[in-house]
Amino acid sequence: MSMDSRAVVVGAGMAGLVSAIRLRQAGMDVTLVTQGIGGIQLGQGTIDVLGYVPERVLGQPLAAVTAYGNAHPHHPYAILSADDVRAGVEFLRALLPDTFVGDLERNYLLPTAIGALRPTALPQVTMAEGECTPGKQMVFVGLRQLKDFWPELVAGNVARTELPGGGRVSTRAAWLDLPARANEVDSTPLYYARAMDDPAYRKRFVDALRRVVEPGETVGLPGVLGLADRGAFADITAQLGQPVFEISTIPPSVPGMRLNDALTRLAKDARVKVVLGSQVLCANIDGGRIRSLTVGTTGRPTEYAGEHFVFAPGGFESGGIELDSYMKVSEPTLGLPLWVPEGDLVVADHNAAQPLFSVGVRFDHDMRVLDTAGDTVHENLHVAGGILAGASRWQEKSGDGIALASAVRAADAILESVQNLEGARNA
Amino acid sequence: MPEPLEYPKAMLTRATLDACIKCTICETACPVSAVTPLFPGPKFVGPQAERFRDGESVDHSLDYCSSCGACTLACPQGVQIAELNSQARAVMKEDNMPLRDKLIGQTVLMGKVMTPFAPIANAALGNKLVRTVVEKTVGVHRDAPMPTARLHTFQGWMKKHQPPASPRTRGPVVFFSGCAGGYFEVETSIKTVEVLEHLGYEVIAPKQGCCGLAQQSNGLFDEATKSVLKLCDQLRSGGKDLTIVSASGSCAGMLKHEAHEIMGVDEEKLHDVGTRMREISEFLLELHAAGDLPTDFVRNDITVPYHAPCQLKSQGMGMPAITVMELIPGVKVIESGRACCGIAGTYGLKKEKYDIAQAVGQPLFDMVKEKNEGIAVCDTETCRWQIEKGSGVKTVHPIWLVHKAYGLS
Ligand SMILES: Cc1cc2nc3c(=O)[nH]c(=O)nc-3n(C[C@H](O)[C@H](O)[C@H](O)COP(=O)(O)OP(=O)(O)OC[C@H]3O[C@@H](n4cnc5c(N)ncnc54)[C@H](O)[C@@H]3O)c2cc1C
Ligand code: SF4
Ligand code: SF4
């Protein structure tokens with residue numbers, strides 16, 4: 001890779017981090033600019049490829065990706081193929097070995113913190129025992145000082161759910177009275193997770209757990225089983241001698257935090273230059289190409305020049321797309337053309353998919369942005385993640401699959417273009 | 001100019017609090033709430049409590065915020081949490097400012113008083129009994145890191161110093177030493193000037209006072225505003241439109257954004273100085289990006305633990321020192337990954353916060369102890385003192401490595 005190949009990536013969510021790492025691993029000089037920490041910890045810390053179409057997807061999520069894309073021409077999966085999703089997921093799995101279980105041949109069905117059964121392609125290792133199979137005996141254990149996890153609620157809802165192939169899980173609820181820190185009566189999953197990093201605390205926790213757990217039970221706990229100490233979960237399981245699993249709580253989830261920390265660390269260690277806390281304000285464009293991005297650093301704005309740009313600012317939830325009081329949507333940073341679905345953007349039914357969330361940019365298979373006529377907007381601008389048009393990521397449980405597939409595609413399209421250029425130079 | 005405390009009362013940064021979506025990401029970044037349940041964390045004392053303040057203080061736990069700014073950096077929505085906290089604290093402390101907080105903001109005074117008596121001052125500060133008396137009377141913790149006084153000041157050196165005989169090919173720059181760089185960390189200031197001169201710059205170092213950062217972080221906005229504006233005049237006297245280079249990571253931030261964002265100082269001279277200010281590694285990296293930095297460095301096979309100070313990270317420019325140091329063949333940097341060393345300016349000096357500051361710094365000290373090959377690196381003076389005291393490892397400014405690599409030491 002030639003030294004003058006500089007890439008600038010915008011956004012530190014799943015999409016931005018993954019494409020930055022991939023470009024850097026190929027030898028590029030990569031700067032990642034992000035206003036804040038990305039959204040990985042706002043999710044559950046699982047890798048969701050496709051969970052609802054709108055029926056629940058259980059077997060073969062990749063086949064479902066192909067079928068869903070074929071049926072919905074505006075959806076990202078109409079352009080990103082099942083192979084792209086596989087490439088994205090496998091790249092992440094190689095970056096974070098021993099983190100996930102799952103083989104993309106089926107979705108797992110795991111209890112949420114309110115006891116619903118949620119499909120996901122790759123749970124973390126710490127969640128795998130939560131798989132619901134007929135006749136399984138589960139005990140959900142809450143902590144009195146943690147108000148984000150009510151074991152009766154989880155146990156009750158799981159118990160009354162008929163499993164897809166028939167049958168039920170038998171459940172029970174129990175409580176521990178164990179503050180995360182001395183005298184703390186109202187704590188958060190974060191503080192419990194930090195306490196669990198301490199082997200002495202883990203021992204006290206397991207001692208308390210032993211008193212409420214019965215033989216033969218699989219133990220469901222709030223997602224707090226260690227933050228920095230990646231051995232915490234294995235230690236707790238080994239000490240207890242019974243299967244244990246974590247359930248992610250409301251955002252920010254600890255399992256998501258672990259993923260975010262690990263990917264950020266990987267990016268920094270690989271010498272992606274991470275610029276945290278500054279917003280990209282606009283682009284300087286010349287001859288159909290972006291030359292640099294203007295970044296609102298303190299003191300005065302700074303120009304980040306590059307040959308290639310990956311834009312992964314997320315969707316509405318991260319400020320990647322804005323809606324004004326006249327219901328007009330816009331992409332505030334680069335002013336990219338948006339695809340907007342027909343009809344009302346917001347519908348009154350609370351449970352329905354909100355069309356607003358499918359607003360985003362249209363793109364080709366090299367992740368270049370297309371305008372309404374279908375022409376490339378900027379030759380060297382690639383997009384990835386939540387900014388892409390056509391998905392209802394929360395509802396479909398497709399956000400991670402889209403982010404990973406598009407991030408790897410964007411990086412590979414850049415690498416291919418550089419190779420082509422170098423090939424032409426050498427010829 | 002509004003009255004200094006009128007501004008935080010009117011709270012311009014309040015506008016950003018409506019952008020808060022309660023995602024709680026900032027809580028995951030706060031180093032203080034991580035180590036003590038006395039502090040409920042940025043979301044609670046920041047955007048949440050702010051809605052109830054209406055000019056009055058509602059929650060005194062706010063005083064435990066160290067103003068490290070980690071929360072503001074982490075917030076994906078651009079809420080200026082740390083800035084809100086600093087303003088709210090200034091209002092809270094307005095009527096009962098401890099004498100101690102007024103004194104430790106006086107960095108220049110301390111340096112001026114200590115320099116002529118350096119050996120005596122150092123001995124006194126090393127004396128347990130003296131420190132115990134200081135803790136009881138003034139409230140500065142007996143074990144808190146204290147600077148080592150020097151027998152000469154940076155200005156004294158600069159007056160006698162002869163620039164190299166080679167022609168000044170790159171024109172003039174202004175050097176901003178900061179008061180710690182003027183009185184205590186004289187060595188770092190000298191090395192910075194020598195590197196700049198080696199590159200061919202003519203270095204101008206006008207007589208200069210304090211930026212007021214320590215006063216600002218103690219809520220003394222009135223005094224801090226006077227200090228920073230006076231400093232702007234002094235730095236501007238070095239020459240119009242010249243780049244101003246600083247080797248004091250945190251003080252550069254005070255001029256770039258904190259004086260304006262936190263205290264609402266809105267004078268032309270501050271904007272003028274703020275836009276011209278470059279932290280030294282930032283400056284060298286800009287030269288490198290433009291192809292103007294000679295990299296005929298002497299090899300130095302060393303792995304260094306590096307900690308970017310919170311107030312350097314707050315400048316939103318990433319960590320230029322890592323890239324600069326790794327331009328030197330053989331240098332490998334290990335970044336601490338920690339938000340803050342604990343000291344946060346003067347926070348960790350205070351007796352009621354000392355233990356918290358040590359707990360904040362502990363993982364960093366451990367990392368430095370484990371990874372160092374003789375030295376650690378950090379861009380701000382007070383943080384270096386804290387790391388050195390906590391880890392027992394000599395801690396230097398990144399410019400020391402560059403200075404050596406150019407064969408200057
Ligand atoms: C509460 C919540 C729950 C979710 N649950 C699920 C789920 O269960 N399953 C699922 O599949 N998906 C879920 N999603 C969606 C999923 O998180 C996203 O689809 C996916 O993570 C998108 O990642 P991204 O990298 O594109 O963007 P994000 O993670 O949103 O990151 C965007 C980044 O860009 C930065 N940024 C934005 N604008 C600028 C700018 N101008 N300059 C600099 N930086 C900028 C932001 O600071 C941020 O770091 C959920 C999302 C939320 C908010
Ligand atoms: S990170 Fe920002 S948006 Fe999220 S809770 Fe904190 S202040 Fe609010
Ligand atoms: S400024 Fe630092 S100590 Fe204060 S709330 Fe923010 S992260 Fe916590």
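These legends walk through several close-up views of a predicted model. Local features are given where pLDDT is at least 70 and side-chain atom pairs count only at pLDDT 80 or more, while totals for chains, interfaces and linings use all residues. Residues are numbered from 1 along each chain as its sequence is written, chains are lettered from A and ligands numbered from 1 in the order in which they are written, and side-chain values use heavy atoms, with hydrogens and water left out.

**View 1. Chain B as a whole.** Chain B has 22 helices and 8 strands; helices here are DSSP runs of H or I with at least four residues, strands are E runs of at least two, and both are numbered from the N terminus. Of its 409 residues, 62% count as buried. Buried means under 20% relative accessible area, exposed means over 50%, and partly exposed lies in between (1.4 Å probe, protein chains only). The accessible surface of chain B comes to about 15,400 Å², with 55% of that belonging to carbon and sulfur atoms; the areas come from the Shrake-Rupley method with a 1.4 Å probe, and for residues only the protein chains shown count as cover.

**View 2. Strand 5 of chain B and its partners.** Take a look at residues 302-307: 6 of the 6 residues in this strand are buried. B:I302, B:V304 and B:Y306 sit on one side, with B:T303, B:P305 and B:H307 on the other. Strand 5 pairs in the parallel sense with strand 6 (residues 331-335) over 5 bridges, where pairing takes at least two DSSP bridges between two strands.

**View 3. Strands 7 and 8 of chain A.** Now we hop over to chain A, where strand 7 (residues 218-222) and strand 8 run parallel, joined by 4 bridges. A:L221 is partnered with A:E246 of strand 8. Getting from strand 7 to strand 8, the chain passes through helix 7 (residues 232-240), and this β-α-β crossover is right-handed: with the strands pointing away from the viewer, the path from the first strand over the helix to the second runs clockwise. In strand 8 (residues 244-247), A:V244 and A:E246 point one way and A:F245 and A:I247 the other, and all are buried.

**View 4. The surroundings of ligand 3.** There are 14 residues around ligand 3, and the closest are B:C30, B:C65, B:C68, B:G69 and B:C71; to be near, a residue needs a heavy atom within 4 Å. Helix 4 (70-74) and helix 5 (81-93) of chain B each give two or more residues to this shell. By type, the shell splits into 10 nonpolar, 4 polar and no charged residues. Nonpolar covers Ala, Val, Leu, Ile, Met, Phe, Trp, Tyr, Cys and Pro, charged covers Asp, Glu, Lys and Arg, and the others, Gly among them, are polar.

View 5. Of the 13 residues here, B:C20, B:C23, B:T24, B:C26 and B:C75 come nearest. The shell around ligand 2 divides into 9 nonpolar, 2 polar and 2 charged residues.

**View 6. B:Y64 in its loop.** B:Y64 is found between helix 3 (42-53) and helix 4 of chain B. Leaving aside neighbours within four places in sequence, its contacts include B:V32, B:L38 and B:Y347, a contact being heavy atoms within 4.5 Å.
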